[in-house]
Amino acid sequence: MTNLFTSTAAASQAQPATAPATGVGRAVLQLTGIEKVYQTRTIETVALNHVNLTINQGEFVSVMGPSGCGKSTLLSIMGLLDEPTSGTLELDGRPVQSYSDKELARLRNHKIGFVFQSYHLINDLSVLDNVELPLLYRSGVSGRQRRQRAYAALEKVGLGARTSHFPSQLSGGQRQRVAIARALAGEPEIILADEPTGNLDSVMGEEIMDLLLTLNREQGTTIVMVTHDEQQALKTQRLIRFFDGSQVS
Amino acid sequence: MIRHLFTLMWNRRRANGLLVVEIFLAFVVLFAVSTIAANLWSNYRQPLGFEYDQVWQLNFTTGSQPRAEQLGTLRQLLAEIRANPQVAGAASTASNTPFSFNDSQTRLDFTDPRDSTQRPIGPINTYVVGPELREVMGLELVAGRWFGPADAVQGAHIPVVIDERLQRAMYPDGRSALDGQLAGDNEPPRRVIGVVRAYRTDGELQEPLPSIFQAIQPEDTLFLAQSVLLRVKPGSGAALEKQLTDAVRRIGPGWTGTIRTLPDMHTVQMKVRLTKPLLLGAMSVFLLLNVALGLLGVLWLNISRRRGELGVRRAMGATAGGISRQVLGEILVVTTFGLVLGLLVAVQFPLLGVQNVRPDIYFTAMLLAAGALYLLATVCALYPSRLAAGIQPAVALREE
């Protein structure tokens, strides 16, 4: 399948500070004719309208658009959290529509890491326990291995000394770092970040952005990031713009 | 995952504190009710030791007849009763007949001939009975012999028949108690001539006591002039009852007789013995309903409040079934916290030997109470856990 995405002018102007170490490879996510329609008794809302998109391995792609244009819906479908009304989604070249709940959960657990605007940390769990969460749903990982990998992920985001803290004891930036560590702990191929700096001030937002860029550059992690911040979007390799559920550039 | 659930619930202990207290209190009440129920069941399963289906009890009052004349009148009355073709057998007995709520208890000293150690045994239910009682009540003799005519004569020893429970009290190692001696205050020693299975006149639900039988002596007019147990033939009814009460009035000057069937007396006794436990049971059911509603409400609220968290768990790789199991697991962990507190209290009862209830009864009650609460928690969590499993992760995450 051909890559239907063509680089935008903005994206072509935006060059990462340094080129990704792994480079851009095979398609890891391929969306073909994706439509998502929310229906109530009286209203039919088209959230995504015939979206064709390919995300390649090692890419850092940002998605921009006004509120309600379907960015988060797109991310939910890419993250196997939601089903499209029509169209096909391929993950690593395999269509996932026919997968069972169990198979989809396994794919989410192994292949995808999520970072959310409001962090979505569990307040009653320590930082370490929060980061362990994806590994908890993975069979064959011992408690000791979980701890080790969670520690390692926290070290990567610079929070190795905060393992026993609770989310309420951390700043917004630190919470988002924990959320990124949680996404990293499962060593996913893809990180889907939904406005990861949306709740942070500019300094903290920059820190998180740098962290994501470093991950992409040094580990070759594929990242799809929804953002409202043009400056941050310009730092990524590709920028996709959405309007009223359609990909406009 | 279990460790994760315990960590999560431990960290939420303040939020779940009231629920834990509610479960703890429910456990304490259920433990009390279960102890009573287990004790009743344990008693019920032990042999009653007699058959009462076709047995009637004739009680009579002797009016103003001089005591010296009562024995003769009674013998005449018994002869007439036994001559009735509808009567299979009749035995004189003291008033502590089956299901009558009357008892006669004593304490006796037993001296073990092996080492001459003496120890008191009691309380023991004592029965002064005519030799016909064994046939009338269908008592099962397991060792030695029942009373014969020679036992009605006072000798150096009082011949007694005991039940297996008293035999075990005399010889816990299982030896036969035949020829063993039991001594009472200012009385000739009693010598065991036979052992019967049991004779639980207090009924199936009462804690069985050891029993000892002594043959009626001719001079025991006081005992004789009280009750007769009759085994009647099947189909006997009001006609026989009238014949018997007429006979009492006819033979005994000023005597009156009343007849009750043992099945009727048994029914009355069961109702009396079960009233309190059933009331307690009803109260505990009401309490459990309250606990169930509390659990259901808390779970429902928790799930509404935690939609975002559940969505994140789905995003991290939890299946819908996994979320359902987690909600169920969480409430079972909270239940466990309450039960641990409850068990700490409950275990003091067998350790301190409260109420002389056997430890195995207490442990059975703990298991029953804990099992009931786990079952209740599981049932209460079923619907909320299905709700949780049905949460669409994308929607839940967007709502947050």
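**Chain A, first look**

How many helices and strands are there in chain A? I count eight helices and 10 strands, and I'm keeping in mind that this is a predicted model. Next I looked up the radius of gyration of chain A: 18 Å, close to the 18 Å that the globule rule gives for 249 residues, so chain A is as compact as a globular protein of that length. The box along the principal axes is roughly 45 × 40 × 40 Å for the C-alpha atoms of chain A. Burial in chain A comes to 49% of the 249 residues. I also checked contacts in chain A between residues at least 6 apart in sequence, and 75% of them join residues at least 24 apart.

**Chain B, first look**

For chain B I get 13 helices and 11 strands. What is the radius of gyration of chain B? I find 31 Å, whereas a compact globule of 400 residues would have a value near 21 Å. The C-alpha trace of chain B spans about 100 × 60 × 30 Å along its principal axes. Of the 400 residues in chain B, 40% count as buried. Contacts in chain B with a separation of 6 or more are 82% between residues 24 or more positions apart.

Chain B is divided into domain 1 (2-46 + 274-399) and domain 2 (63-254). Their centres, taken over C-alpha atoms, are separated by 51 Å. I looked at what touches: four residues from domain 1 of chain B and five residues from domain 2 of chain B make the contact.

**Sheets in chain A**

I traced an open sheet of four strands in chain A, with the order β2-β1-β4-β5 and antiparallel pairing.

I followed β9 (residues 238-243) of chain A to β10(A): they run antiparallel, with two bridges. Here A:F243 stands opposite A:S246 in β10(A).

**Helix α4 and a buried Asn**

Is helix α4 (residues 127-136) of chain A enclosed or open? I find 10 of its 10 residues buried, so α4(A) is largely enclosed by the rest of the structure. The buried set includes A:D129, A:N130 and A:E132. What does it pack against? In chain A the buried residues of α4(A) pack against α3 (101-111), α5 (143-156) and α6 (172-185), and in chain B against α1 (2-11) and α9 (307-316).

I also stopped at A:N216, which sits in helix α7 (residues 202-219) of chain A. A:N216 is buried, since I count 24 other C-beta atoms within 10 Å. Its C-alpha atom is 7.4 Å from that of A:E59, 157 residues away along the chain.

**Nonpolar cores**

The largest nonpolar core has 113 residues, and among those touching the most other members are A:V63, A:V131, A:A181 and B:L373. Helix α12 (residues 359-389) of chain B gives the largest share of this core, 13 residues. Apart from it I found another core of 52 residues, including B:F50 and B:W56. Leaving out residues up to four places away in sequence, A:A181 touches A:V131, A:A153 and A:L154, among others.

**Where A meets B**

Last entry: 25 residues of chain A are in contact with 23 residues of chain B. On the chain A side, α2 (71-78), α3, β6 and α4 give two or more residues each. α3(A) gives the most, with six residues. By class, I list 10 nonpolar, seven polar and eight charged residues on the side of chain A that touches chain B.

Notes. Residues numbered from 1 in each chain as written. Chains lettered and ligands numbered in written order. Predicted model: local features only at pLDDT ≥ 70, side-chain atom pairs only at ≥ 80, totals over all residues. Pairing = 2+ DSSP bridges. Buried ≥ 20, exposed ≤ 12 C-beta atoms within 10 Å, placed from the backbone. Rg over C-alpha atoms; globule rule 2.2 N^0.38 Å. Contact = placed C-beta atoms within 7 Å. Core = buried A, V, L, I, M, F, W, Y, C linked by C-beta atoms within 7 Å. Domains from an automatic or database assignment. Nonpolar A, V, L, I, M, F, W, Y, C, P; charged D, E, K, R; others polar.
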